Amino acid sequence: MSKTKIVVVGAGIAGLTSAAILSKLGFSVTLIESHTQSGGCAGTFKRKKYIFDVGATQVAGLEEGGIHSKIFKFLDIPIPEATILNPACIVDLNDGSNPIPIWYDQDEWIQERERQFPGSGKFWQLCNLIHKSNWTFANNNPVLPIKNLWDFTQLLKALVPANLATGILLKSTIFDLLRLCGLSNEERLIKFLNLQLKLYSQEDVYKTAALYGSTVLQMCQKPHGLWHLKKSMQVLSDGLEYSLKKTGVKIVFGQKVHSLSFDDKTKGWKISATSSEENIDYYADDVIYTPPPQSLLKILENSLMGNYNYKKRIKSLPNPSGALVFYSALKKEHIKSISSNHYQVVSNELGSLFVSISEDGDGRAPKGEITLIASIFTKTNDWFNLDKNLYIQKKKEYLQKISIFLEKQFDIESKNWLHKELATPLGFERWTNRPNGIVGGLGQNPNIFGLFGLSSRTPFRGLWLCGDSIYPGEGTAGVSQSALMVSRQILASRGINDFHL
Ligand SMILES: Cc1cc2nc3c(=O)[nH]c(=O)nc-3n(C[C@H](O)[C@H](O)[C@H](O)COP(=O)(O)OP(=O)(O)OC[C@H]3O[C@@H](n4cnc5c(N)ncnc54)[C@H](O)[C@@H]3O)c2cc1C
């Protein structure tokens, strides 16, 4: 296989993982990244004495049998050092009621949620049943959505009898499950679920697909769990980069791919990239494209001209959210005693803030100091096309509003911030080259999730999509699963049908 050339576009977790798997299997892989470092939305940046996680701050799939663990084991590289988050998060609805710690231990969580949401047991049990059937299915490596016979056979092989029962919920939402359990008027429970689901599916209870939501609502508990990486999020990318170096992948940083075209003569792809100094063309049999598919409208411009339906499909993708992220640092003694690394807090003005606080001495800040990162969703359109002064003014206002809110929430005196800054969708666009700074992939509603989503297989032979807009969706664990799926599809296109981890 060493002669088969694959170009992977983007060194986020999806690109790094697919490049690592395929190179380990003997393919000749080149990885092109527009930034000067890897990681994308799960990368880090350094400011003064601090290391800030750009986007992702907690990791799923590091437990034995989890997707990151399986992939690191296959690559024969050490699994990054991490601690389990217990609680995974404390949710404060700010309505005068007690905050809700989401415990790792199953029994503790069952007791907590019964205390917090009396009578909701039926709903959680139903989610748990659906999740168990989902999980067995996902571990059997289905390919979704189905685009050809091979994909279909993978789906059939992955199905277990329980999926036939849960399959009837294909078009249902989490709200339908609540209704089924007689809980459709439980406002506090709905408020809590809305916050959690928005984080993981970009949708609320009314729109999140029941099959997707049931699983993400179980991710904080044993045997899964969410993890806090030692040092920073970058260690995940560093581990994968180490594997790429071992297997001889050519990694090119600082080059932005601006066009993909299929050459009928060579029956291969021409990948054109630019750096600050030059234009470079690469040639490949297969291309794995990991930036958001919305960017294909520009990159594939010529090929899309002849494929009206695909162009229409990409154009009709819903517009995902953007994020405002507040990066700050302070002395540990200057924040009220905290009992979790993560909080989700409701602000009437700002919506929900997801707050991530580093551990003292975990490598993100000098000893005795911590980093505090808070993110909120924002409409990307609100930040583009503003006059420069207006943009600066608006950014300042949000920085101030978020600081004041956090000061009140965590008893911080405003003089005690050692550092604070804000990233807007413009910053995310610059950092990740994601169009308009959109983040988090497509909202996981019943029209997008699973069978009905955007396929990794495109109508163009040898062009594959991967990343957080592809099944099973966002998060470092989700995009690693999509990287595994696309690797298996490429292997199958070469007649190797039985690759599993
Ligand atoms: C604020 C925020 C918080 C989050 N929190 C969590 C969390 O706690 N846990 C979690 O699991 N997930 C979280 N996520 C989601 C998670 O970070 C992403 O789903 C995941 O990292 C996406 O990985 P990716 O490889 O698909 O895409 P990206 O990370 O976007 O990687 C794509 C890469 O492609 C490069 N690129 C783009 N265009 C080009 C081009 N034309 N040429 C060359 N290179 C290009 C980019 O520079 C980038 O490195 C969060 C995201 C955000 C924004």
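Hi everyone, a definition to start: two strands pair if DSSP finds at least two bridges between them, and strands (E, at least two residues) and helices (H or I, at least four) are DSSP runs numbered from the N terminus. This is a predicted model, where local features need pLDDT of at least 70, side-chain atom pairs count only at pLDDT 80 or more, and totals for chains, interfaces and linings use all residues. Residues are numbered from 1 along each chain as its sequence is written, and side-chain values use heavy atoms, leaving out hydrogens and water.

So, on to the sheet. It is open, with 5 strands in the order β10-β2-β1-β14-β20 and parallel pairing. From one strand to the next, the twist averages 15°, with angles taken between N-to-C directions, from 0 to 180 degrees, of lines fitted to C-alpha atoms (for helices, over the stretch in contact).

Now some pairings. Strand β14, residues 286-289, runs parallel to β20 and is joined to it by 3 bridges; valine 287 sits opposite leucine 463 in β20. Helix α16, residues 476-493, packs on the sheet and touches β1, β14 and β20, contact being heavy atoms within 4.5 Å. The direction of α16 makes about 155° with that of β20.

How many of the 6 residues of β2 are buried? The count is 5, with buried meaning under 20% relative accessible area (1.4 Å probe, protein chains only). Thanks, everyone!

Conventions:
Buried means under 20% relative accessible area, exposed over 50%, partly exposed in between (1.4 Å probe, protein chains only).
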